[in-house]
Amino acid sequence: NWMKLHFVDEISRREYLTSPHWTHVFIWKHALERFVSGYLDKVVRDCENTKGEIKPHLAIHYYKQFGFSCEKHKGFESFITFMESVPKFEGHFAQQTPLCSVDKFPYTDFIGADENFSLKLEMLSAKLGVHNPKQKKKTSLHKTKSKTKMVKLFKGKPLL
């Protein structure tokens, strides 16, 4: 069966991480889709809901120290330009690879990004005959449809 390490006690976790009987995998969201999703949720939506006051628990509050304002940076291009000048990102826009903690889990067999991972995991589980639990995603409450919007944004544009 599939499992996330944070659901396992420390002794068992150590055993699983060093055992050759387990395959150790880290998967993260496609970087561009993650950025667009973060922009739509943490910038556009939060700017629309702040009514002029950016509360400390919002991601955009972190960026105020670097000169962020909803009025100047809510547009996608202006936000990208702004982010190019930011020296350090908060969690929603930070690199994902450090989250894998390879230094902490040196027995990792595979690290990758895949926008269709949930579907592939479901199919692989069926082939292997193992249970694939459907987890309620915390993100389902703030779906941004970033993949659809990203396709519209780049459709018909020449490749670099």
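1. A disulfide (a pair of cysteine sulfur atoms within 2.5 Å) links Cys47 and Cys70, with an S to S distance of 2.2 Å. A search of the whole structure finds 1 disulfide. The link of Cys47 and Cys70 is left-handed, at -85 degrees about the S-S bond. Cys47 is in helix α2 and Cys70 in helix α4 (residues 70–73), so the pair ties together parts 23 residues apart in sequence. Helices are DSSP runs (H or I, at least four residues), numbered from the N terminus.

2. This is a predicted model, in which local features need pLDDT of at least 70 and side-chain atom pairs count only at pLDDT 80 or more, while totals for chains, interfaces and linings use all residues. Residues are numbered from 1 along each chain as its sequence is written, and side-chain values use heavy atoms, with hydrogens and water left out.

3. α2 and α5 pack at about 105 degrees, their axes 12 Å apart; axes are lines fitted to C-alpha atoms over the stretch in contact, and angles run from 0 to 180 degrees between N-to-C directions. That makes α2 roughly perpendicular to α5, a term covering 65 to 115 degrees.

4. In α2, Phe35, Val36, Tyr39 and Val43 meet Phe76, Phe79, Ile80 and Met83 of α5, contact meaning heavy atoms within 4.5 Å. By class, this contact has 8 nonpolar, no polar and no charged residues. Ala, Val, Leu, Ile, Met, Phe, Trp, Tyr, Cys and Pro count as nonpolar, Asp, Glu, Lys and Arg as charged, and the others, Gly among them, as polar.

5. Residues lining the second largest pocket include Phe35, Ile80 and Met83. By class, the lining has 7 nonpolar, 3 polar and 2 charged residues. On a 1 Å grid over the protein atoms alone, a pocket is an open set of points where a 1.4 Å probe fits, with protein on both sides within 12 Å along at least five of seven lines; lining residues have an atom within 4 Å of a point.

Terms used:
Helices (H or I, at least four residues) and strands (E, at least two) are DSSP runs, numbered from the N terminus. Angles under 35 degrees count as roughly parallel, over 145 as roughly antiparallel, 65 to 115 as roughly perpendicular and the rest as oblique.
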